[in-house]
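Hi everyone, and thanks for coming. I'd like to walk you through one structure today, so please have a look at it with me.

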Amino acid sequence: MLKFIWNSWWRNKERFILLMVGMLIVSTGLSYLLGVTQANNGTVVNELQKRWDSSYHIVVRPEGSRSVTEDLNLLEPNYMSGLEGGITREQYETIQQIADIDVAAPIAMIGSTYSSSFTQTHTFDKAGLYRLKMNTLIDTGIEKINDFQNLKAYFWVGWMPNGDSTHIGIGPTALYEEFPLDYGSDVMLAGIDPVAEAKLVGLDDAVQATEFSRYFNDEDVPEPYDEDITTIPILMSTKDYVDASINYTIEEVDVDTTDQEAFIKTYLEKGKDEYLDSLKGTKVASYDFTAQQMHDNITKHILEGKPQPQDPRLTMEYTWIAEKASPLVYEGVTSPFPKRWPYSYQIKPFLAEGQVAYGQESMYRKANRYAEDLNDAPKVKYNYIGLFDPSKLKLSKDPLTELPMETYFPASADWVMNSKDEPVNPPTTVKPTNNPYSFLTKPPSMLTTLDAAFAIAGDKAISAIRVNVKGVDVLNEESEAKLQAVAKEIEDKTGLITDVTLGSSPQYAVTYLPGLKGESALGWIQQPWIKLGSSITIFQEAKLGFSGVVASVILVAMLYVFSSNIIMLYARKKEFAILLSLGWRPSQLSKLLFLEATILGSMVALISWMILGTFLWTAAGSTSIARIVLIGLPGLLIYWLGTLIPIRLVRRIKPYETMQSGEVSKGRRLLRSRSSVGMSLNQLVTYWPRTTLSILAIALPTSLFGFFLFVTFRLQGVLYTTWIGEFVALEVGTMHYVAMGVALLIAMLTTTEIMWQNVSERKPQLAVLKSLGWQNTSIRRLVLTEGALTGFFAGLLGVTVTIIIVTIMYQKFPTSELPFLFATIFIPVVTGVMRTRRQPEKSRKTVPSRARHDRDRSRRRYHQLVRLHVSRSQTGQG
């Protein structure tokens, strides 16, 4: 039977070429697409797994602390700096007791306090009236702010006031007294659980361990210092982060103060400071200091175990905590460039309530004070126990998965556009300020214990809790399910809100800073916001998309083999009928088709294994041997499944069909045959089984390409929304587009082969048309029209199948993707027209007797087949 199969293929070389082309299409397409798909999927999973890490897995916050931005799973980068509290100790302990939690680290943003120091003093060596001018400058990257511009104070050196002159408004200063030149700023004080923080970020290892610098221990508890003053332990940061400076200029005022009473009388009569401001002065000295210098002076005294330098004229040994943390309020606005920044917001400014804070009448955060009267605010005395270096913390340094850690670092921001929507080139880095009500605030420079936080801020002092979960080291659905389960358990037991941050990634968004009262707008600020659940979303999309591609490839191959076998069966009906008339049983014909399918399927599997083996060799083990075997075997299975129906149909062939000439079919007229379109449609309807198979065989590869295209655009839509997605897209981009090209090639080659088969079987019919007087142009138009119509119907069906698959798999109708999906209709139309263009050229050389010649040649072949079979039968009997 093998020799018979080979002889049959060899006698029909054109048909044999079609079989070989189809086999190569299936083998290369199947192996390469599956190989590339598996490789892309593996690349995505591997890259996501490498970055399946973050500083904390879940963040827990008080109820009501969500922003409008979180409706889109966007977490603002400044969120932690604005949480004043809302979580109790009982809720924190409840979270600690949940079985699957590895560490729960609370953070309490207690409030803003003043910290100052001085490194320089000025000694007045001459009696007289002196003017002290102070100018502070803060560089925010967008603008330079003068908090105190030419702020003046007057000192009368060598004068000792008495009586009513004590309160005239001029500070008395002794001759040769060292006058301290200090500089300070508002810093955020935060409370932590020392044990949990050490486990979460390694804070204990970041401490500069010296004789006078250490980490928290059990003895570091808040203690009452006075009636309403609390002494609290302080761990100080070595970084200040504010680019600020101050200038002190001392001038000797040109005025005669020898007659003290006469000067005081003139001073009071002419408007006090207004009079002094009008007087000229001679510059005596000038001093410049930066905020970091002053901060370094504080840290130096801590390391040396010395008390902080203090103005000897001040008797207070404590400071106030005046301001609570205050959040930014975002409002959605139209993005200046939606393609670059799909998410854009605007900060809502607030008017200062009551006393104007920080010299401003409006601010970017709502005023949130402990008390209207400063004397009623909490009072604390600092007990400095050590220093820590934020750069030595064990935090996730990967920029693709970095989370806001405002406990230690300020949020990053860039000024990208001014208030006129003009680009800032190059973008300017925005720096934090000392103002706790500004847009970008600096992180807490002082850390204390959680006990101290409760002693100062009350029972709901905790602002947020950062949680790590056990057993979620691998990126998969089980890890995601466990994270969601723990988050839900926290919400159910505490009533707090949670967000899973593991697997999140930064995504750029822009924020518009409107002008405060009396000031112009600043423009647009770009910041890396946090897109929650990025990694698992990419993982699920990649898995769903790639799995769909694999299933589509196998389905296309099965239908292609099935339709090819059916069309071949129509072409070989007479051959099979002759074999039946010579005594072959229908079961033998079935075995013949099955054996042919086995040979072709085995060759497909062999070629697939060779191609996938190349993948294994070049990809350094990214494809396993077991996977190669499993991918190669479907080639054989596809040919077996594709021949099942032809095996059943071949049993229905009767021996009398040897007397039929060509295909016998009753003609159907759908339209009047007055044009090539009408004749083409009637031809397609007449041979509707063949037409249906042709359309299906062409439609499925087209739908595969459409689905591949949809997966590509959707995956890019998911990937290019976050930094980690962009990185993964770069890793898989080239291979993915090559695979998409292979899918397009399968669609084109399948269309070509089916059209080739259809037109080849119609040679006698075209010759008859020419014998009836048809011109070559008319025949060309007819054939091209049939090819175009077949391709159009196949393309339309392919798009419909793609839409159905997408809707089922993604539970979403692809409205926005419809234009490019319908554009795939042109693939089978163009391919069908191009492939059928050659047939009219052949028919131009065809003479009217060609139909009879072809029929006679076919008869001679069948007679030869009969004689060969009879001679073999007689030889066997002899």
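What you see is a predicted model, in which local features need pLDDT of at least 70 and side-chain atom pairs count only at pLDDT 80 or more, while totals for chains, interfaces and linings use all residues. Residues are numbered from 1 along each chain as its sequence is written, and side-chain values use heavy atoms, with hydrogens and water left out.

First, the overall picture. The protein chain has 878 residues, and 53% of them count as buried. There are 23 helices and 25 strands in the chain; these are DSSP runs numbered from the N terminus, with helices being H or I of at least four residues and strands being E of at least two. The accessible surface comes to about 40,500 Å², and 55% of that belongs to carbon and sulfur atoms. Those areas come from the Shrake-Rupley method with a 1.4 Å probe, and for residues only the protein chains shown count as cover. As for contacts, meaning heavy atoms within 4.5 Å, take those in the chain with a separation of 6 or more: 81% of them are between residues 24 or more positions apart.

Now please find strand β25, residues 523–531. How many of its nine residues are buried? Nine of the nine are, so β25 is largely enclosed by the rest of the structure. Who are its partners? Two strands count as paired if DSSP finds at least two bridges between them. Strand β24, residues 505–513, runs antiparallel to β25 and is joined to it by nine bridges, with A509 standing opposite Q527. Strand β19, residues 414–417, is also antiparallel to β25, with three bridges, and here W415 stands opposite I525. Then there is β2, residues 74–75, which pairs with β25 in the antiparallel sense over two bridges; L75 is placed opposite I530.

Let's move to a helix. In α5, residues 260–269, the buried residues include F263, I264 and Y267. Why are they on the same side of α5? They cover an arc of only 100 degrees around the axis, which puts them on the same side; the arc is taken from the directions from the helix axis to the C-beta atoms. The cover over the buried residues of α5 includes β4 (128–139), β6 (151–157) and α6 (273–277). On the face turned away from the buried side you'll find the exposed residues E261, K265 and E269. Just after α5, G271 takes a positive phi of about 100 degrees.

Another glycine to look at is G184, in strand β8, residues 178–192. G184 is buried, at 15% relative accessible area. Its C-alpha is 5.3 Å from that of S115, although G184 and S115 are 69 residues apart in sequence. Leaving aside neighbours within four places in sequence, G184 is in contact with Y114, S115 and S116.

Next, charges. Side chains of opposite charge can pair when their charged atoms come close. I'm counting a salt bridge when a side-chain nitrogen of Lys or Arg is within 4 Å of a carboxyl oxygen of Asp or Glu, and the structure holds 22 of them. One of these joins K379 and D228, with the closest N and O atoms 3.2 Å apart. K379 lies in strand β18 (379–388) and D228 in the loop between β9 (223–224) and β10 (229–237), so the pair ties together parts that are 151 residues apart in sequence. K379 is buried at 9%, whereas D228 is partly exposed at 45%.

The side chains of D240 and K442 form another salt bridge, at 3.3 Å from N to O. This pair ties together parts that are 202 residues apart in sequence, because D240 sits in the loop between β10 and β11 (244–253) and K442 in the loop between β20 (423–429) and β21 (446–449). D240 is buried at 3% relative accessibility, and K442 is buried at 6%.

One more pair: R369 and E372 meet in a salt bridge at 4.0 Å, N to O. Which of the two is buried and which exposed? R369 counts as buried at 18%, while E372 is exposed at 58%.

Terms used. Buried means under 20% relative accessible area, exposed over 50%, partly exposed in between (1.4 Å probe, protein chains only).
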